[in-house]
Amino acid sequence: MGSKKKSFLLSFGLFLFLLLFSNAEAVEQDIPKKFFVPPPPFSPGIYPCSQCHAGMPANAKPRKLEMMHQDIVLKHMPGGWCFNCHNPDNRDKLRLANGQLISFEESYLLCGQCHGTVFRDWKTGLHGKRTGMWNGEKQYLLCVHCHWPHEPTFRQLQPMPPPARPSNIK
Amino acid sequence: MVQAVAVKKFFIVFRETLRGSNKYYAWLAFLSFLILLGLSAYIDQLNRGLISTAMRDQVSWGMYISNFTFLVGVAAAAVYLIIPAYVYKFKPIKEVALFGELLAITAITMCILFIMVDMGQPFRVWHILPVMGAMNFPSSLLAWDVLVLNGYLTLNIIIVFYVLYRISHGKDYLPSIWPLIILSIPMAVSIHTVTAFLYNGLPARPFWNASIVAPRFIASAFCSGPALMLIIFQIIRKIWKLDIENRAIFKIAELVAYAMAINLFLLGAEVFKEFYSGTIHVYPIKYLYFGLHGHANLVPWIWAATVLNIIAFILLLLPKTRENFLTLNMGCAFLIIGVYIEKGMGLVIPGFVPDTLGEIYEYIPTMQEMVVTVGIWAAGALMYTLLLKATIPIYTGKVKF
Amino acid sequence: MSKIRSNPSGVKLDRRTFLKGAALGLAGTALPLDKTDASFWEAFFQKHFREMNDDEKKKVIQRLEKEYEQKYKKAIHIGSEKPMPGVLFGYGLDLSRCIGCRRCVYACVKENNQSIDPQVHWITVLRFKKGEKWIDLEESEKYYNPQNVPEPGYFYMPVQCQQCENPPCVRACPTQATWKEPDGIIVIDYNWCIGCRYCMAACPYGARRFNWGEPKRPAEEINPNTHYLGNRPRYKGVVEKCTFCVQRTRNGRYPACVEICPVGARKFGNLLDPQSEIRYAIEHKRVFRLKEDLNTNPKFYYFFAYGR
């Protein structure tokens with residue numbers, strides 16, 4: 001019984017290790033450069049998260065938020081919860097599925113875990129907006145600049161006015 | 001010394017244009033009034049820009065270019081008189097071919113005026129000239145048009161001057177000028193063909209991008225030009241008591257009827273192809289004949305033109321109505337109006353409606369555009385009047401050197 | 001008067017009287033009489049841009065800068081950057097992303113000094129209904145004005161100059177006032193265009209705009225960074241159109257419409273560079289060009305990056 005449990009733990013550990021290792025390698029190969037992005041679009045005064053969360057116990061139970069963050073109703077990943085992405089122990093970091101902690105500036109790695117094809121296009125410059133030089137330094141935007149991570153569908157905008165009709169150009 | 005004689009002769013001829021009855025002076029005054037009106041409207045347009053017209057990006061050519069197109073047809077029609085006159089030596093027409101050439105000169109001048117008033121930067125007109133400017137030859141059909149129109153104008157001026165010179169000196173003119181006269185036949189066909197190609201060569205505009213456009217241009221030109229001539233002949237005959245044979249008039253009318261038959265046939269061929277195949281290219285002709293998405297400004301006009309053309313065809317085809325001056329003139333008038341609509345706005349506007357992105361802007365010329373147009377027609381009428389006034393005394397032998 | 005000239009008959013005529021007489025004589029011809037100075041005639045006889053050498057270009061640009069400064073009371077720089085070697089500009093537009101918000105239209109106006117009144121826009125955004133007909137231009141709507149975009153059941157397609165490799169407008173122009181530059185951009189010399197609008201009839205994409213009236217724009221809204229062949233202020237009676245922001249792109253920058261697009265639907269780059277975004281789009285996505293059957297060979301590629 002005991003040895004069975006032991007071997008299971010060992011193999012699971014090995015599996016996790018390999019997963020972590022291979023993933024880290026893949027990430028390193030995939031992203032040879034660091035993307036030049038503006039700071040993440042935090043709500044004013046909300047970051048660092050640790051200013052409130054430090055010392056607060058993490059509650060992994062999905063529930064309606066009542067004390068804080070009431071504006072967040074998760075419409076992303078049915079059945080998901082904060083700690084799919086946010087790191088429970090240090091809230092100033094995000095956490096990948098493999099347990100690796102990343103900063104908010106690298107949140108594209110987090111999104112890229114599921115949205116692989118989009119992530120690939122984003123890296124080449126096809127998905128999302130680029131500014132700067134077409135033949136040089138480009139500024140990228142983070143996924144979250146356009147997609148609010150808790151409800152990522154692109155929000156409707158008010159269009160600019162239609163052109164003047166030819167009969168009204170006088 | 002030679003120059004002095006030439007100047008003196010010029011003044012002798014020029015004096016003829018100043019002589020006339022009160023009716024003549026009233027006519028000149030009337031035309032001058034219209035010209036001044038047109039000129040003032042044009043100066044206003046020059047100051048404000050073409051925004052004073054109803055043309056916009058969607059319909060970027062309008063009444064001016066429509067008139068230009070119609071008049072190229074009128075100018076080309078001079079050959080319709082030349083062919084039987086000089087080539088087949090049909091004497092009754094030969095005697096009046098001169099007036100056809102004068103009409104060609106007038107029509108080309110009006111064409112140039114219509115192009116000038118349509119230009120956004122008329123003072124830069126020298127840019128379009130060869131050597132001096134940067135003419136895009138042979139690539140641009142508009143460059144071709146500049147060349148052939150001016151060539152045809154020059155050719156006709158030379159022919160008319162030479163013929164009048166010889167007549168005034170009591171000499172025969174035909175032996176030395178006939179190569180130029182023969183040359184003017186392909187030239188006349190070419191001005192109309194090139195003008196047709198101007199539209200034809202634009203794949204962006206399916207309504208124009210049909211190979212049948214050039215033949216239709218020529219067929220309709222051979223209707224409207226001679227029809228106009230027939231009416232003018234009768235006026236000349238009445239005012240100057242000139243001896244123009246009925247035979248000449250009836251012969252021309254008969255030829256007009258044949259041209260109209262071809263014109264109607266080509267129209268039918270076009271209508272069949274567009275409507276039967278029903279590609280996206282059908283929209284402009286649909287707009288023209290039936291209206292599109294509730295926009296139908298041109299519909300009554302084009303049906304009027306079609307009906308007038310058919311009636312005119314019948315009137316000129318049947319010998320009985322052709323040789324009756326009332327029905328003959330009715331036929332000619334119908335035909336001129338019909339072709340003016342069909343080869344004017346009826347050709348130019350549907351090229352732009354719907355526009356290349358599918359928008360429908362219904363163009364209705366502004367008062368300003370119409371006044372300028374009337375002014376140019378008045379200028380043409382004045383020019384033709386003065387030309388006749390100067391040349392008929394030579395033609396009749398009243399003025400001799 | 002300092003300059004007295006005598007004519008053969010001995011009648012003395014000073015220069016100003018002479019000019020006045022001449023001016024009165026010309027009054028009917030509506031020549032701009034207040035500009036009897038040399039600059040008017042310099043402008044009148046200005047050569048075609050491509051026939052000028054660098055010295056002549058410099059002189060012309062100096063004169064134009066002076067004219068603009070007088071008109072707008074601010075310094076306006078007119079650049080004349082040449083095409084970069086080994087560059088052929090291409091544009092991509094992701095139809096699966098465009099939401100029809102028209103931000104590009106107005107960013108373009110702001111950057112390129114179009115006339116505000118009468119209104120000139122270089123970009124047209126068309127709205128199509130999803131369903132049976134898809135891209136049928138006859139069914140397109142240009143004047144849509146809902147509260148919010150994108151509207152369910154619709155998709156949007158912006159159209160601007162497609163910078164054809166085989167441009168019908170260049171073929172049509174009777175004066176060579178418009179031509180294709182080596183980097184693929186179709187440009188216009190606004191001082192050479194005669195305003196005949198044959199190019200507008202020839203363009204299958206409705207990309208060319210005419211200055212029907214005097215272009216009017218408040219001086220404070222004038223973008224002073226211009227290019228001779230691009231966004232310098234234009235004149236009444238000449239044609240203009242999109243140049244892929246030649247004043248920006250020849251200095252390595254993205255066009256204004258690319259940078260404003262809130263959904264990143266607009267892509268721009270060098271078609272000859274295999275690493276460029278535009279090449280990636282063409283090689284990996286479903287691409288089409290507008291009215292391909294006309295053989296105009298646009299360098300403007302519409303693509304669909306995703307279904308959804």
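How many of the 10 residues of helix H4 of chain C are buried? In this predicted model, the count is 7 of the 10 residues in the helix, which covers residues 103-112, so H4(C) is largely enclosed by the rest of the structure. The buried positions are C:Cys104, C:Val105, C:Ala107, C:Cys108, C:Val109, C:Glu111 and C:Asn112.

After H4(C) comes C:Asn113, which has a positive phi, near 55°.

Chain B contains 16 helices and 0 strands. Its radius of gyration is 22 Å, close to the 21 Å given by the globule rule for 401 residues, so chain B is as compact as a globular protein of that length. The C-alpha trace of chain B spans about 65 × 55 × 45 Å along its principal axes. Of the 401 residues in chain B, 46% count as buried. Among contacts in chain B with a separation of 6 or more, 77% are between residues 24 or more positions apart.

Chains B and C also touch each other: 40 residues from chain B and 42 residues from chain C take part in the contact. On the side of chain B that touches chain C, helix H2 (22-48) and helix H7 (141-168) of chain B each supply at least two residues. H2(B) gives the most to this side, with 4 residues. By residue class, this side of chain B divides into 21 nonpolar, 12 polar and 7 charged residues.

How values were computed. Residues numbered from 1 in each chain as written. Chains lettered and ligands numbered in written order. Predicted model: local features only at pLDDT ≥ 70, side-chain atom pairs only at ≥ 80, totals over all residues. Contact = placed C-beta atoms within 7 Å. Nonpolar A, V, L, I, M, F, W, Y, C, P; charged D, E, K, R; others polar. Buried ≥ 20, exposed ≤ 12 C-beta atoms within 10 Å, placed from the backbone. Rg over C-alpha atoms; globule rule 2.2 N^0.38 Å.
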